[in-house]
Amino acid sequence: MRIFIAIVFFIIVCLIDLAFTPYFSLFHIKPYAIILFLYFFTLKFSPLSALIVAGFTGFLYDIFAPDWFGLHIIAFSTFVYVEIALRDRVYWERMISLLFLFAGAFFIRLVVDVPFYAGFLKAFTSVFTSALPGALINLLAGLVVKIIIDAKQKNAI
Amino acid sequence: MKKSLNIVYGVILLTGVVFLLSERSGSMIGEGIAYRTILPFRVMLNNFHELIRAKEENDALSRMVVALSLKLQELREIQVENQRLKKILGFVQEHHRFIQPVQVVNILTEADNTIIICKKKPYTIVKPDLPVVGYNGLIGKVKEVVDDYIRIQSIAHSMTRVSVIDSRSRVFGILKWEGALYLHGVPLTGDVKVGDTLVTSGMGAVYPKGINVGIIKKVVRNRNEYQTTILVEPFENLSFQEEVFVLVKP
């Protein structure tokens, strides 16, 4: 059941990011809902499956944005790998752990989006106009999702 | 962390790097895979976006059609009212004319005057002094008809005179060809501006009222002269036409 729900979420997230971006973007900032998915998937599933899913997702996203083919694979798998590495050291039930989501989202946007801006100045500006606000949106969305998950867990107990 | 995990991460990372390097070096492995695997989905996605755009455009056009339809109804009402008032005032009614297309076979330029030779269909009746128009405006008038050939004296001919009015200010003048089209008979105080459209005035009984003729390109008011020098650019390209239309009286 858990895997079925994950697949459904994965499809929804991919559709939001790849097919309906113009309808979900806020101030022309791409949603990258997949970051949230990968973050929570890594927390809930085995590390190996999370890493494989990250690699596959990166490949899928590269297919849809093939200008720098391989960037999504590197960015997503690194994000998940670092999360797995920290999983044993950080107490993930705390809200503060969401800061990792913010840092990860910022890192992914930095790797994936910034190289597309022509010229250093535009690329540098995009860090503040696209990468940081985008990461902040991901953080807020993550906060909402975490609250929902926590509430569900409490109810289950 | 498990060793197997590091290996998997290493393999994934290496794959990404290989894709990235292959593309940067020009071999485009990744792009090739991308286009082969995803092309149908991409086409589907593009079609979906096209469909949404088409729907939006369709909605906008539907609104425009309704607005234009209402405008048309309003104009029809005005036309009926106009005709009724003209009837009351005893205006001479201008009958509608048939549009007779003729094929241009030659365009002659003799001493800066343009003559257009056309071939008409055998059964059509075309007489001299009928006005000739193009898609955008006045071309000239029929000068003579010999067998199936028509000789059209264009407005770019020194013998042609066209009575025109400024469609904005209703100032009247006579259009003459003097190497270029000039509007004569407009006093220095005449209200004419660059960009004004000139249409036939209907005077002279050759050209019906309201045919587009040209646009005012230059206005020069010289105090030593009694009239304004006005340069006009015709709507029609008089040096090249494929077909023109004779306005035949019913």
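Q: What share of the 157 residues in chain A is buried, and what makes a residue count as buried?
A: In this predicted model, buried residues make up 46% of the 157 residues in chain A. The term applies to a residue with under 20% relative accessible area, so the 46% in chain A are residues that fall under that cut-off.

Q: How many of the 250 residues of chain B, as a percentage, count as buried?
A: Of the 250 residues of chain B, 34% are counted as buried, and the cut-off is again under 20% relative accessible area.

Q: What is the secondary structure of chain A, and what makes a run count as a helix?
A: Chain A comes to seven helices and zero strands, and along the sequence its pattern reads α-α-α-α-α-α-α. A helix needs a run of at least four residues, so helix 2 of chain A, which covers residues 21-24, qualifies.

Q: How many helices and strands are there in chain B, and in what pattern?
A: Chain B has two helices and 12 strands, and the pattern read along its sequence is α-α-β-β-β-β-β-β-β-β-β-β-β-β.

Q: How do you know which element of chain A has the lowest mean pLDDT and which the highest?
A: The predictor gives each residue a confidence from 0 to 100, and among the elements of chain A the lowest mean, 64, belongs to helix 2, while the highest, 88, belongs to helix 5. For chain A as a whole the mean pLDDT is 81, and 89% of its residues reach 70 or more.

Q: Why is the meeting of helix 3 of chain A and helix 5 of chain A called a contact?
A: Contact means heavy atoms within 4.5 Å, and residues of helix 3, including A:I34, A:L38 and A:T42, meet residues of helix 5, including A:F76, A:V80 and A:R87, so the two helices are in contact. The residues of this contact divide into nine nonpolar, one polar and two charged.

Q: How do the axes of helix 3 and helix 5 of chain A cross, and what is the handedness of the crossing?
A: The axes of helix 3 (residues 33-44) and helix 5 (residues 71-87) of chain A come within 10 Å and cross at roughly 35°, and the crossing is right-handed.

Key
Residues are numbered from 1 along each chain as its sequence is written. Chains are lettered from A and ligands numbered from 1 in the order in which they are written. This is a predicted model: local features need pLDDT of at least 70, side-chain atom pairs count only at pLDDT 80 or more; totals for chains, interfaces and linings use all residues. Side-chain values use heavy atoms; hydrogens and water are left out. Axes are lines fitted to C-alpha atoms, for helices over the stretch in contact, and angles run from 0 to 180 degrees between N-to-C directions. A crossing is left-handed if the near helix is turned anticlockwise from the far one by less than a right angle, and right-handed if clockwise. Ala, Val, Leu, Ile, Met, Phe, Trp, Tyr, Cys and Pro count as nonpolar, Asp, Glu, Lys and Arg as charged, and the others, Gly among them, as polar. Buried means under 20% relative accessible area, exposed over 50%, partly exposed in between (1.4 Å probe, protein chains only).
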